[in-house]
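Let's walk through this structure together, from the chain as a whole down to single residues. Please keep the model open beside the text as you read.

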Amino acid sequence: MSGRDLFCQPRRIRRGAALTLVFASVLVAGAATGSFDEPDRSDRKSASGTARSAPVARTEEVAKAAAEAKADGKSPMEAAERAVSRSGDRWGAVYSQGEYEEFEEALDGQYTGVGLWARRERDGRIEVTRVQSGSPAATAGVRKGDRLRSVDGENVDGQPVTDVVSLLRGDAQDAAAGTTVTLGLERGTHAWSETVRRARLSTDSVTVRRLAGEVTVIKIAAFTKGVGDLVHTAVRQAPADSAFILDLRGNSGGLVTEAVTTASAFLDGGLVATYDIDGEQRALHATAGGDTTRPLVALVDGGTMSAAEMLTGALQDRGRAVVVGSRTFGKGSVQMPSKLPDGVVAELTVGHYRTPSGHTVDGRGITPDLDVTAQGQAAVERAETVLSGLGDAS
C-alpha cells in the first residue's frame, strides 16, 4: 500500500467511511449556503407529490438528527455520524467544516503537508518513494529511498500509510501551513531527525515520462481540477509513433468532469458511463476528436478507485485500451453533499454508475484483461510488453 500527504483522508477512514475523493463535479456541486445545489436543477425530477426515495429519506433523517442535537446543545457532527452509521450507507461520511474545506482544496490541486510520498514495505517499514521538488521535505534533504521511522516522536513502523499521512499532515491538530513536524529518518546506517514546516503545496496530479521504444507513460494520481487538459496536452505533444501507458494505479478518484475530459483524449465521442441519481438515469459522454489510433494500455491496481474506475471501464468497454494489472477497488457510487448545522457536511450515497456495457462497478471493481501481480516498474515493463504486441487501435 502506498500514499502521500494528500488524498488519503485518514480521519474519514477511521470513521469507517469512504476511502476516496467524492464522485462529484458534474453530478453535484456545493453551494455557499443552505443545501448543496446540483449543477443543472432543470434536469432533476421534482419530488413533490411522489413518495420519497430512500436516498432523499436518508438525507432528511441525517439532517433531522443533526438539527435536534444542535437544539439540545449536543454535537451535530456526532449525531450525524450516528445517523449515517445506522443508515447502512457504506460510503456515507460526515465532515467538520474545516475537514470539508480541506477536502475541496485538495480537489483544487492543493494541500498542506511536507511534500513526500511513502509506502509500507512487507516488513512494516515506511519508505519514502518520492519527494516533491521545492517542498519542505526536499529542502530538508529527504530523499527517495529514505526510511521514515517516526513522526513527532511516534514510531510509524507497521502503521497503515493512511495513519502515517495523517501524522505528516497534522490532522489531529488541524495543523496549518507553518506548523512544524519532526521526521525521524534513516538512510543506510545513518539515522537522524529533521524538523520541517508544513507548507501549502500544489499537487503533481499528472506526470509524463517517455520510455525507450517510443512509449509515453501518463501517470494520474487523482482527478483534480485541470487534469483532463494536462492529459490532452501530453497526448498532443507525444511523438507521432508513440504508444501510451495510462497509469491509474493508486488513483483514488476525484472530479468526474476531469475523468470524462481524460476519456475524451482517447475517444472520439460516445458514452463514458451511465449513472443514476435518486433513481433517475443519466449519461456521461466524451467529446469528439480524441486520439483513437495509437496503442493504449491502462495500468490499474487495487488502489484504482471511483472516477478512475469509471475511466478504466469506459476505455475497456469501448475497446480503446487493454487493461493490465489487478482488480480495481470497486467504488461505483455517487455521493451528494448536504450542509448541516455548525458547518458540518454529510456526504451520502444517492446512486451508482455503470460502464458503457452496463457493468456495475460498486463492490466488484474492474477485472483487467491481463492480470499482473508485479508492482512498481515491473508492472510498467509488463505493460510495455503488451504494447509491443498491439498495432494501431483503429
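This is a predicted model: local features need pLDDT of at least 70, side-chain atom pairs count only at pLDDT 80 or more; totals for chains, interfaces and linings use all residues.

Residues are numbered from 1 along each chain as its sequence is written, and side-chain values use heavy atoms, with hydrogens and water left out.

The protein chain holds ten helices and 20 strands; these are DSSP runs numbered from the N terminus, with helices being H or I of at least four residues and strands E of at least two. Of its 394 residues, 53% are buried. Here buried means under 20% relative accessible area, exposed means over 50%, and partly exposed lies in between, with a 1.4 Å probe and protein chains only. Among contacts (heavy atoms within 4.5 Å) with a separation of 6 or more, 69% link residues 24 or more positions apart.

In soluble globular proteins, nonpolar side chains tend to be buried together. The largest nonpolar core here has 42 residues, and those with the most contacts inside it are I218, F223, V231, L246, F266, V272 and M310. Such a core is a set of buried Ala, Val, Leu, Ile, Met, Phe, Trp, Tyr and Cys residues joined through side-chain atoms within 4.5 Å. Helix α9 (residues 307-317) gives the largest share of this core, six residues. A second, separate core of 19 residues includes V131, L148, W192 and V196.

Stay with α9 for a moment. Ten of its eleven residues are buried, including M310, L311 and L315. After the helix comes G319, with a positive phi near 70°. F223 ties in here too: leaving out residues up to four places away in sequence, its contacts include A307, A308 and L311, along with L248 and L255.

Now turn to helix α7 (residues 227-237), where V227, G228, V231, A234 and V235 are buried. Why do they lie on the same side of α7? They do so because they cover an arc of only 120° around the axis, an arc taken from the directions from the helix axis to the C-beta atoms. On the other side of α7, D229, R236 and Q237 are exposed. The buried residues of α7 pack against β11 (206-211), β12 (215-220), β13 (243-247) and α8 (256-264).

R187 has H190 in β9 as its bridge partner. Two residues lie between the strands, and G188 takes a positive phi near 65°.

Finally, strand β19 (residues 345-354) contains R354 and also A346. R354 is buried at a relative accessible area of 18%, and its side chain makes a polar contact of 2.6 Å with that of Q281. A polar contact is a pair of N or O atoms within 3.5 Å; within protein, one must be able to donate a hydrogen and the other to accept it, and residues adjacent in sequence count only if both atoms are side-chain atoms. A346 is buried at 1% relative accessibility. A346 and V84 are 262 residues apart in sequence, yet 8.4 Å apart in space, C-alpha to C-alpha.

Key. Two strands pair if DSSP finds at least two bridges between them.
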